[in-house]
Structures are given as structure tokens and as C-alpha cells.
Amino acid sequence: MSQEVTGTIKLIKDIQTFASGFEKREIIVTITDGKYEQHIKFELLKDDVVKSDQFKVGQSVKVSYNLRGNYYEPKDAYYNSLQAWRLELDGEQAKEPPTSNDDVDDTLPF
């Protein structure tokens with residue numbers, strides 16, 4: 001089940017590495033839902049962990065994610081997680097800044 005939300009990065013946690021070599025990173029994104037803020041935790045897994053290094057707290061982002069659910073029989077417990085598979089800048093932050101060629105010398109030496 002894939003969904004998208006847009007919000008502001010509130011927290012980027014450190015990368016967690018497990019004995020098996022598996023890595024994950026959690027990020028918290030603040031989403032305004034009506035008049036209340038919602039702080040949503042997303043998990044980035046495997047290759048997406050490294051890709052998240054380019055983002056900073058305070059940036060507006062669009063998160064594409066899958067809703068996952070698991071059952072852990074020994075504890076008779078159910079767990080849900082939001083696994084982000086795409087994280088991209090939203091709105092004006094996603095546009096490249098205009099480049100200026102004013103300082104470039106266009107004259108050729110011949």
C-alpha cells in the first residue's frame with residue numbers, strides 16, 4: 001500500500017546498523033493536519049539510508065512510503081511501520097537555483 005505525504009523534516013536520527021549488516025534510519029516529518037501538527041516517524045532501509053544524507057532538518061519534503069504490518073507470535077503483538085522508499089524536496093526547494101554567467105570570461109584566447 002503506497003502513499004505520499006508532504007511535511008517538514010523535524011528530526012533525522014543516526015543510522016542504526018545491526019549484526020547482520022542491515023541498516024536503517026528513522027526520520028520524523030511534521031505534517032499539519034487541520035490545526036494540529038502530526039509528527040510522523042518513517043523508516044528508511046538499505047540503500048535509501050545513504051540517500052537520506054542529503055536532507056536537513058527544516059526542509060520541506062514529499063515522502064513516498066509503504067504501510068507495513070507484522071505479527072510477532074512469541075509476544076502476541078502486532079507492529080506497524082511506515083517504510084519510506086522515496087524522499088524528495090518539495091516545492092521551491094526542489095528547483096535548481098538559477099545560474100549566472102556574469103563572472104565567466106567568454107572570450108577565447110585565439
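Q: Which residue of E6 stands opposite Asn66?
A: Gln83 does. The model is predicted: local features need pLDDT of at least 70, side-chain atom pairs count only at pLDDT 80 or more, and totals for chains, interfaces and linings use all residues. Residues are numbered from 1 along each chain as its sequence is written, and side-chain values use heavy atoms, with hydrogens and water left out.

Q: What makes E5 and E6 a pair of strands?
A: Two strands pair if DSSP finds at least two bridges between them. E5 and E6 have 12 bridges, in the antiparallel sense. That meets the rule, so they pair.

Q: How many bridges join E1 to E5?
A: There are 7, and the strands run antiparallel. Gly7 has Val61 in E5 as its bridge partner.

Q: What counts as a helix or a strand here, and how many of each does the chain have?
A: Both are DSSP runs, numbered from the N terminus: helices (H or I) need at least four residues, strands (E) at least two. The chain has 1 helix and 6 strands. Their order from the N terminus is β-β-β-β-α-β-β.

Q: Why is Ser52 called buried?
A: Buried means under 20% relative accessible area, exposed over 50%, partly exposed in between (1.4 Å probe, protein chains only). Ser52 has 3%, so it is buried. Its place is in the loop between helix H1 (47-51) and strand E5 (60-72).

Q: What is Ser52 in contact with, beyond its neighbours within four places in sequence?
A: Contact means heavy atoms within 4.5 Å. On that test Ser52 touches Arg25 and Leu44.

Q: What makes Asp53 and Arg25 a salt bridge?
A: A salt bridge is a side-chain nitrogen of Lys or Arg within 4 Å of a carboxyl oxygen of Asp or Glu. The closest N and O atoms of Asp53 and Arg25 are 2.8 Å apart, so the pair passes. Asp53 lies in the loop between H1 and E5, and Arg25 in strand E3, so the pair ties together parts that are 28 residues apart in sequence.

Q: What separates the closest N and O atoms of Lys24 and Glu26?
A: They are 3.5 Å apart, and the two residues form a salt bridge. Lys24 has a relative accessible area of 15%, so it is buried. Glu26 has 10%, so it is buried too. Lys24 and Glu26 belong to a network of salt bridges that includes Lys13, Lys41 and Glu43. A search of the whole structure finds 7 salt bridges.

Q: What makes a set of residues a nonpolar core, and which members touch the most others in the largest one?
A: A nonpolar core is a set of buried Ala, Val, Leu, Ile, Met, Phe, Trp, Tyr and Cys residues joined through side-chain atoms within 4.5 Å. The largest has 13 residues; Val5, Ile27, Val29, Phe42, Val61, Val63 and Leu87 touch the most other members. Two or more residues come from each of strand E1 (2-12), strand E3 (23-33), strand E4 (36-45), E5 and strand E6 (77-89). Leaving aside neighbours within four places in sequence, Val5 is in contact with Ile31, Phe42, Val61, Lys62, Val63 and Tyr65.

Q: How many of the 110 residues, as a percentage, count as buried?
A: The share is 27%.
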